[in-house]
Each structure stands twice: as C-alpha cells, then as structure tokens.
Amino acid sequence: MVKLTVDNKPVEIEEGATILEAAMKAGIAIPTLCYNEELTPAGACRVCVVEIAAEPSSITVTSCNYPVAGGMVVSTKSEKALKARKLAVEMLLAQHPHSEKIAKLAQTLSLGEPRFSVKADECILCRLCVRTCQEVVSAGAITFIAQGLERENKEASVVWNQDKCIACGSCAYICPTQAVTLADNQGTRVINTPSVKMEFKLKACTKCGNFYAPEKQLAYMAKTAKLPIEKFDLCPDCRP
Ligand code: FES
C-alpha cells in the first residue's frame, strides 16, 4: 500500500493506482473529460491536472494517468493546478465552443470567452473513441495518428477504417463533443466521423420486419460467439 496526501487528507491506496483514484478514495472530486474508468487513461485533455510538491519546484501532472508514490503531496485546487486546468479548458473551449460538457467545465472554473482563436474543430483528440473501439469493442477500427513533422500528417488526427468498423456506434456514444454522430434511417445506419462518412446496412428481423442492428455488427457477434448467423434472424423482441 502507498500512503500520500491529497489536499492535506491522508490516503492509503494500492501501488499502481493513479492520483485520480487516490483522490476519489479520499472523497475529493477532480474534473475529467477524457477519463473513463473502463478504459486505459490517455492523459489527453489535461482537465484533471493537479500539482505535486517536488524539489526544487512543484510539478503539474495529469492525475488520471499519473501513479501515486509514497509520501506524495498532491494539491488539486492550488493556484498552480487551477491555472493549468483553466488553460486546458480554455483551449478546449476555443476549439469546441458548442460542447455542453466543455461549457459546463468552463462554467465551474468561472471562465469567460476564450482568449485564443483556435480553429473550431469538433474533435478534441481525447481518444475516447479510439480506446473504446480497441478495448471494449475489440474492433480496432479507429486510430489516433500523432502529429508528424516529417510525415504527411502535419496535424494529429483520428481516423476510421470502414472495413474494420462494425457500425456498433460506440464511438458516437462515448464522444463528448458530438464529433461523431449516428443516425438510422430506412435500413441504413450512417456514421459521420471527422475523417469519413460511412453507411452500413441494417438487418431486418425476419418475423416483424423491423430493422434492429447493423448486419456487420451481427456478423461480428456471430463470429466472436461462434454462432451461426441464422441465430440473429430475429430481433430481441421477437426472440422466444
Ligand atoms: S481526464 Fe485526465 S487528461 Fe483527460
């Protein structure tokens, strides 16, 4: 076990835990955006930044992916931590002024209009979609491409591979800024992403005729569960 303090509260937690987990254990809330307890933390948005006492001067780190250490002294609301957090949220707000989640974060930090003029982009590169597709769905259809000075991609981006995508829509569900959207219409599922617009056929129930799931997703489920595809002929409502 590791002993540390968070906002002067002593906490004891397992080795390998993160500062965010230690804060939660102590009942201290740290705001997050790209964190999801089911996924590997990415430390992408920097909203969860905290200050750690260190010599010769303290450091700021992202608490969602920074491991605890014995004797660590963490401040979640120090001037330095709040300044770094406000800057992170201000940049996100400039990039995506219409996101409800980001607006709410900005409000709790009493931020006004962002001082920056940043190209408005719905994707904030938080990589929640990438991690969900890899770690929960296991389809691996979404890739984060880091900025490459000597490569073609001058800017970091997230790209979808339509061949690998099973159209489950998890990316649209998890996206905090609606950069990915999904709509089902007359037997077709349309998924709009920052890199591509994709269309997938929906399966009609052989009994009631209702479209109930993407054919690709059902094929994936049948393969993963080693079941014949006919097992998915009926929608959940018509199944015995
Ligand atoms: S929540 Fe920790 S970096 Fe985004």
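Reader: Is D7 buried, partly exposed or exposed, and what is its relative accessible area?
Author: Happy to start there, with the reminder that this is a predicted model. D7 is found in the loop between β1 (2-6) and β2 (9-13). Buried would need under 20% and exposed over 50%. D7 falls in between, so it is partly exposed, with a relative accessible area of 25%.

Reader: What is the phi of D7?
Author: Most residues other than glycine have a negative phi. D7 is not a glycine, yet its phi has a positive value, near 50°.

Reader: Which loop holds N8, and what is its relative accessible area?
Author: N8 lies in the loop between β1 and β2, and its phi is positive too, about 70°, although N8 is not a glycine. The cut-off for exposed is over 50%. N8 is therefore exposed, at a relative accessible area of 72%.

Reader: Where does P56 lie, and is the peptide bond from E55 to P56 cis or trans?
Author: P56 lies in the loop between β3 and β4. Most peptide bonds are trans. The bond from E55 to P56 has omega near 0°, and that makes it cis.

Reader: Is T62 buried or exposed, and which side chain does its own side chain make a polar contact with?
Author: T62 is found in strand β4 (residues 59-62). Its relative accessible area is 8%, so T62 is buried. Leaving aside residues up to four places away in sequence, T62 touches G43, R46, C48 and V49. The polar contact, at 2.6 Å, is with the side chain of N65.

Reader: Why do the buried residues of α3 line one face of the helix?
Author: Helix α3 covers residues 100-108, and I102, L105 and A106 are buried in it. Seen down the axis of α3, the buried residues fall within a limited arc, so they line one face; that arc is 100°.

Reader: Which residues are exposed on the other side of α3, and what covers its buried ones?
Author: An α-helix has 3.6 residues a turn, so residues three or four places apart point the same way. On the other side of α3, the exposed residues are E100, K104, Q107 and T108. The cover over the buried residues of α3 includes α2 (79-95).

Reader: What follows α3, and what is its phi?
Author: The residue after α3 is S110. Its phi is positive, near 55°.

Reader: How far apart are the end C-alpha atoms of α2, and what span should its residues give?
Author: α2 has 17 residues, and at 1.5 Å a residue they should span 24 Å. The end C-alpha atoms agree with that expectation, because they are 24 Å apart.

Reader: Which residues of α2 are buried, and what covers them?
Author: The buried residues of α2 are A81, R85, A88, V89, E90, L92, L93, A94 and Q95. Their cover includes β3 (49-52), β5 (73-75) and α3.

Reader: How many aromatic pairs does the structure hold, and over the face of which residue does R127 lie?
Author: The number of aromatic pairs is zero. A charge can still sit over a ring here: R127 is 4.1 Å from the ring centre, over the face of F144.

How values were computed
Residues are numbered from 1 along each chain as its sequence is written. This is a predicted model: local features need pLDDT of at least 70, side-chain atom pairs count only at pLDDT 80 or more; totals for chains, interfaces and linings use all residues. Side-chain values use heavy atoms; hydrogens and water are left out. Rings of Phe, Tyr and Trp (its six-membered ring) pair if their centres lie within 6.5 Å; planes under 30 degrees apart count as stacked, over 60 as edge-to-face and the rest as tilted. A charge sits over a ring if NZ of Lys or CZ of Arg is within 6 Å of the ring centre and within 35 degrees of the ring normal. Buried means under 20% relative accessible area, exposed over 50%, partly exposed in between (1.4 Å probe, protein chains only). Helices (H or I, at least four residues) and strands (E, at least two) are DSSP runs, numbered from the N terminus. The arc is that of the directions from the helix axis to the C-beta atoms. Contact means heavy atoms within 4.5 Å. The expected span of a helix is 1.5 Å times one less than its number of residues. A polar contact is a pair of N or O atoms within 3.5 Å; within protein, one must be able to donate a hydrogen and the other to accept it, and residues adjacent in sequence count only if both atoms are side-chain atoms.
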